[in-house]
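User: I've got a two-chain model open and want to talk through how it is put together. Can you take my questions as they come?

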Amino acid sequence: MSAATTEPSTDLQDELEGTGGGARPSTGSSIFAVRDLGLPLTVAVVLAALYFYIQDRELDNIEVNLLNVDTLIRFTIEHIYLSFTIAVLVILIAVPLGVLVTRPRTKRVAPLVLAFANFGQAAPSLGLIALVGLFYTGFWPVVAVITAYAILSVLRNTIAGLQQVDRGVLDAAKGMGMSPAAVLLRVELPLAVPIIGAGARTALILAVATVPLGSFLGAGGLGQNLFAAIKTDRAVGILGIAVIIACLALLLDWFAGILQRWATPRGIR
Amino acid sequence: MTGLPFGEWLSQNQADVIFRVQQHFLISIYCVALAAGVGLTLALLTYRFEALANLNIGIIAVAFTIPSVAMIGLVYSVTGNELVTMISVVALYGLLPITRNAIVGLQAADPAVIDAAKGMGVGAVRMLWQIRLPIAWPVILAGLRVSTQLTVGIVAVGAFVADYGLGILGFNALNNLGSVNTGNEALACVIFVAAVALVFDAVFVVVRRFTTPRGARV
């Protein structure tokens with residue numbers, strides 16, 4: 001699954017795994033390569049072009065409010081904060097769960113857990129957020145829904161990542177006298193990092209993409225501006241905010257890719 | 001969350017809900033058809049050239065990272081047309097699974113099989129039509145299926161610029177949180193979108209069963 005971009009996919013989840021443009025395994029052993037600068041530079045050029053384009057136009061009051069730089073920066077930070085909170089929660093919940101369902105003693109619950117997670121993903125995020133909004137609003141309810149929604153990607157990848165670890169390696173570790181906990185922490189999990197990481201990036205992208213809907217429940221983020229621009233029918237506003245959200249998603253995925261490489265043991269980088 | 005019980009609300013709004021379910025179905029079908037047309041053409045044009053095929057997949061993968069909400073807003077602000085926005089954006093997201101699977105599937109034919117066919121004097125067109133396509137078919141079909149699932153979800157989100165399909169129920173609920181019947185709208189959105197996706201999935205299961213060459217069944 002680390003070669004997500006070249007493997008055919010058989011279901012939606014496999015597909016989502018391939019989201020990141022940079023999801024392929026890196027060939028070099030360094031964490032940061034010169035070609036990694038391509039994306040941020042492109043994003044910078046796009047944002048600069050957007051800035052000058054908007055500067056050039058006569059904006060009315062509503063548009064000025066929608067595109068106010070200070071507000072945009074504040075909303076972007078909120079957006080990032082929400083997305084990362086969700087991604088971290090997803091990892092904190094899904095990785096232990098994945099470990100649990102791959103242990104010999106608790107293996108039997110695996111299909112049950114997966115079925116449950118699959119079920120969660122089948123429902124549309126839009127409807128789920130609307131349903132939750134009937135009862136709770138604010139930061140944490142939105143985080144909770146999107147976290148539940150995104151758990152599957154990391155859970156499945158954790159299971160797949162742990163299962164693909166070579167049995168021979170595990171035997172060797174055991175033969176060296178490592179305890180089951182040490183085998184898990186020092187051998188299995190590190191070897192599964194690339195695959196778990198791909199799932200985590202998927203979860204992050206899913207979060208960035210779904211957080212705008214959370215703005216209806218008062219969770220903040222760039223969705224507030226986007227939907228305000230749509231309600232007031234201001235094309236410049238929609239354009240500007242949509243470009244910012246797109247750039248944000250690309251940058252966060254890029255950053256997550258570097259984090260992932262940093263977390264991967266040097267031997268399998 | 002006051003308002004009518006769900007069953008009663010549903011029977012009162014039956015006509016509207018049925019209409020929206022139909023719209024959702026039709027738009028999804030248009031988008032998948034468009035994506036399939038473009039995606040399969042791209043795949044057929046590029047699968048022989050490794051670099052082109054990778055470039056093709058890479059570009060679509062970057063587009064895939066961009067949130068659908070942003071892409072819809074972007075295209076809408078440029079085109080200003082609801083239906084054009086909806087169909088082009090949704091089809092764009094549907095492209096990735098179709099193109100990628102088709103490229104991988106077409107490349108997957110065993111070289112020995114290709115050689116054998118060549119030795120038997122099979123020409124280029126027949127090679128594609130009778131050898132490569134049947135071998136790739138299960139993988140292509142899987143791509144179409146994934147693409148359809150994605151499409152159903154994105155059509156729902158697209159309702160925020162284009163008043164088509166079931167997504168509008170969700171956005172109505174979100175826009176009027178706390179007022180009468182929003183609960184029913186939200187619930188209807190969840191249930192019927194999931195139902196549309198399930199029906200498409202069932203269709204694919206049947207199609208796969210009847211169109212996969214016997215030798216390629218998995």
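Predicted model: local features only at pLDDT ≥ 70, side-chain atom pairs only at ≥ 80, totals over all residues.

User: Fine. Using that, what is C247(A) in contact with, leaving aside its neighbours within four places in sequence?

Analyst: V43(A), V46(A) and L47(A). C247(A) itself sits in helix α11 of chain A, which covers residues 235–263.

User: Is C247(A) buried or exposed, and why?

Analyst: Buried. It has 21 C-beta neighbours inside 10 Å, and the cut-off for buried is 20 or more.

User: How far is C247(A) from A173(A) in space?

Analyst: 44 Å, C-alpha to C-alpha. In sequence the two are 74 residues apart.

User: On to the core. How many residues are in the largest nonpolar core?

Analyst: 139. The residues with the most contacts inside that core are I245(A), A246(A) and C189(B).

User: Which helix gives the most to it?

Analyst: Helix α9 of chain A, residues 180–214. That helix contributes 16 residues to the core.

User: And what does I245(A) touch, not counting residues up to four places away in sequence?

Analyst: Residues from both chains. From chain A, I245(A) touches P212(A), L222(A) and L226(A). From chain B, it touches P67(B), V69(B) and A70(B).

User: Then let's do the interface. How many residues of each chain are in contact with the other?

Analyst: 48 residues of chain B are in contact with 43 residues of chain A.

User: Which elements of chain B give two or more residues to that side?

Analyst: α3 (50–65), α4 (68–79), α5 (82–107), α7 (124–158), α8 (167–175) and α9 (182–211) of chain B.

User: How do the residues on that side of chain B divide by class?

Analyst: 32 are nonpolar, 15 are polar and one is charged.

User: Back up a bit. How many helices and strands are in chain B?

Analyst: Nine helices and zero strands. The C-alpha trace of chain B spans about 75 × 40 × 20 Å along its principal axes.

User: What share of chain B counts as buried?

Analyst: 48% of its 218 residues.

User: And among contacts in chain B between residues at least 6 apart in sequence, how many join residues at least 24 apart?

Analyst: 77% of them.

User: Helix packing next. At what angle do α5(B) and α7(B) pack?

Analyst: About 160 degrees, with their axes 8 Å apart. That makes α5(B) roughly antiparallel to α7(B), since angles over 145 degrees fall in that class. The crossing is right-handed.

User: What classes of residue make up the contact of α5(B) with α7(B)?

Analyst: 18 nonpolar, seven polar and two charged residues.

User: Now chain A. How do α4(A) and α7(A) pack?

Analyst: At an angle of about 40 degrees, with axes 7 Å apart. Helix α4 of chain A is residues 69–102, and helix α7 of chain A is residues 139–163. The two are therefore oblique to each other. Their crossing is right-handed. The contact holds 19 nonpolar, six polar and no charged residues.

User: And α4(A) with α11(A): how do those axes cross?

Analyst: At roughly 40 degrees, coming within 12 Å. So α4(A) and α11(A) are oblique to each other. Here, too, α4(A) passes α11(A) in a right-handed crossing.

User: Which residues make the contact?

Analyst: L72(A), T76(A), H79(A) and S83(A) of α4(A), with I244(A), L248(A) and L252(A) of α11(A). By class that is four nonpolar, three polar and no charged residues.

User: Where does N181(B) lie?

Analyst: In the loop between α8 and α9 of chain B. N181(B) has a positive phi of about 70 degrees and is not a glycine. With 19 other C-beta atoms within 10 Å, N181(B) counts as partly exposed.

Terms used:
Residues numbered from 1 in each chain as written. Chains lettered and ligands numbered in written order. Contact = placed C-beta atoms within 7 Å. Helix = DSSP H or I, 4+ residues; strand = E, 2+ residues; numbered from the N terminus. Nonpolar A, V, L, I, M, F, W, Y, C, P; charged D, E, K, R; others polar. Buried ≥ 20, exposed ≤ 12 C-beta atoms within 10 Å, placed from the backbone. Core = buried A, V, L, I, M, F, W, Y, C linked by C-beta atoms within 7 Å. Axes fitted to C-alpha atoms, helices over the stretch in contact; angles between N-to-C directions. Parallel < 35°, antiparallel > 145°, perpendicular 65-115°, else oblique. Left-handed = near helix turned anticlockwise from the far one by under 90°.
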